[in-house]
Amino acid sequence: YNTAALTGESMPETKQKGEMILAGMINLDTLTEIQVNTTFKDTKLSKILEMVQNATARKSQTQLFISKFAKIYTPGVFFFAVAIAVFPPLFMGGLWTDWIYRALVLLVVACPCALVISTPVSIVSGLAAAARKGILVKGGIYLEIGAKLSFVALDKTGTITHGKPVQTDYIPVAEDSEVHPQIVAASLSARSDHPVSQAIAKYEGSDASTFLQVESFEALPGRGVKGMIEGQLFYLGNHRLIQELGLGTSQLDESLTSLERQGKTVVALTSASQVFALFAVADTVKDSSQTAIKELHALGIKTMMLTGDNSYTADAIAKRVGIDEARGNLLPSDKL
């Protein structure tokens with residue numbers, strides 16, 4: 001399941017029978033029978049919408065103060081100006097033109113409208129300036145406290161990382177002159193829309209013209225894919241598929257665990273009796289992330305990364321870019 005709408009995580013998540021399916025997940029490759037046990041207003045997706053709607057209503061302390069102040073100041077200035085325009089001509093023999101002019105001058109100088117409008121205009125200008133630099137601020141209350149920050153929480157996918165999985169490792173396991181693992185794996189992967197498969201199909205140097213003909217292609221939900229290439233049956237799947245085929249060894253398990261602890265998703269190309277190669281896929285870190293974290297630290301601001309991905313991935317990415325603390329397996333409500 002693609003959980004990006006809920007967690008922002010680019011890597012899909014496998015669900016087993018009896019596990020919770022959340023509204024907003026996208027079914028990638030399997031028939032699913034679902035028992036609905038909540039109304040829409042109680043779903044995670046509905047709560048995300050509510051959070052977005054409520055964000056615009058949050059005003060800064062300055063805005064709240066000016067709003068209260070304006071309720072007294074604006075009518076006060078207006079009535080004082082009317083008094084200046086009316087009372088001297090009526091009771092002191094002054095000229096109407098002179099005192100009306102002075103009342104208008106008072107309104108311009110006191111300018112209650114400018115005072116009341118200036119605060120929201122300043123905040124809107126600040127939000128717009130930030131947006132032009134790619135920073136979206138949820139409201140004036142958050143813009144105002146920016147100068148007081150001592151701790152910043154960052155999302156991982158699309159913020160620290162690019163948000164698109166790519167192939168990062170290729171590890172040959174068995175030598176076979178008749179099998180070219182990268183070409184075979186890319187040929188199988190090209191037949192699937194799964195993000196991990198697409199990353200392997202688009203590895204650096206791959207060429208669609210070199211892909212081999214795949215017959216009897218079949219998706220194996222939660223495990224991988226299989227297909228016939230040049231008369232031989234090949235599997236491309238995860239750790240679970242390797243165990244089901246009875247191809248697991250202590251050395252292979254060690255390699256798989258090592259890559260997974262680096263926050264990578266690992267799949268293996270196998271036949272029914274032999275493992276040919278391992279492929280690791282991961283969301284890559286942006287070049288600017290490490291520099292940005294260093295600049296925050298230079299300002300005395302500590303950092304934390306929040307992600308819907310597993311804790312291994314969270315810790316690996318945080319260590320790579322120098323983030324102080326990382327927390328994984330979080331939904332948007334948990335991040336908030």
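Asp155 and Lys335 join their side chains in a salt bridge with an N to O distance of 2.9 Å, the term meaning a side-chain nitrogen of Lys or Arg within 4 Å of a carboxyl oxygen of Asp or Glu. This pair links distant parts of the chain, 180 residues apart, with Asp155 in strand S1 (residues 151–155) and Lys335 in helix H14 (residues 332–335); helices (H or I, at least four residues) and strands (E, at least two) are DSSP runs numbered from the N terminus.

The model is predicted, so local features need pLDDT of at least 70 and side-chain atom pairs count only at pLDDT 80 or more, whereas totals for chains, interfaces and linings use all residues. Residues are numbered from 1 along each chain as its sequence is written, and side-chain values use heavy atoms, with hydrogens and water left out.

## Other charged contacts

Seven salt bridges are found in a search of the whole structure. Among them, Asp169 pairs with Lys264, their closest N and O atoms being 2.6 Å apart; Asp169 lies in strand S2 (residues 161–172) and Lys264 in the loop between helix H11 (250–260) and strand S6 (265–270), so the pair ties together parts that are 95 residues apart in sequence.

Arg327 and Glu325 also meet through their side chains in a salt bridge (3.3 Å, N to O), and a network of salt bridges links Arg223, Arg240 and Glu244.
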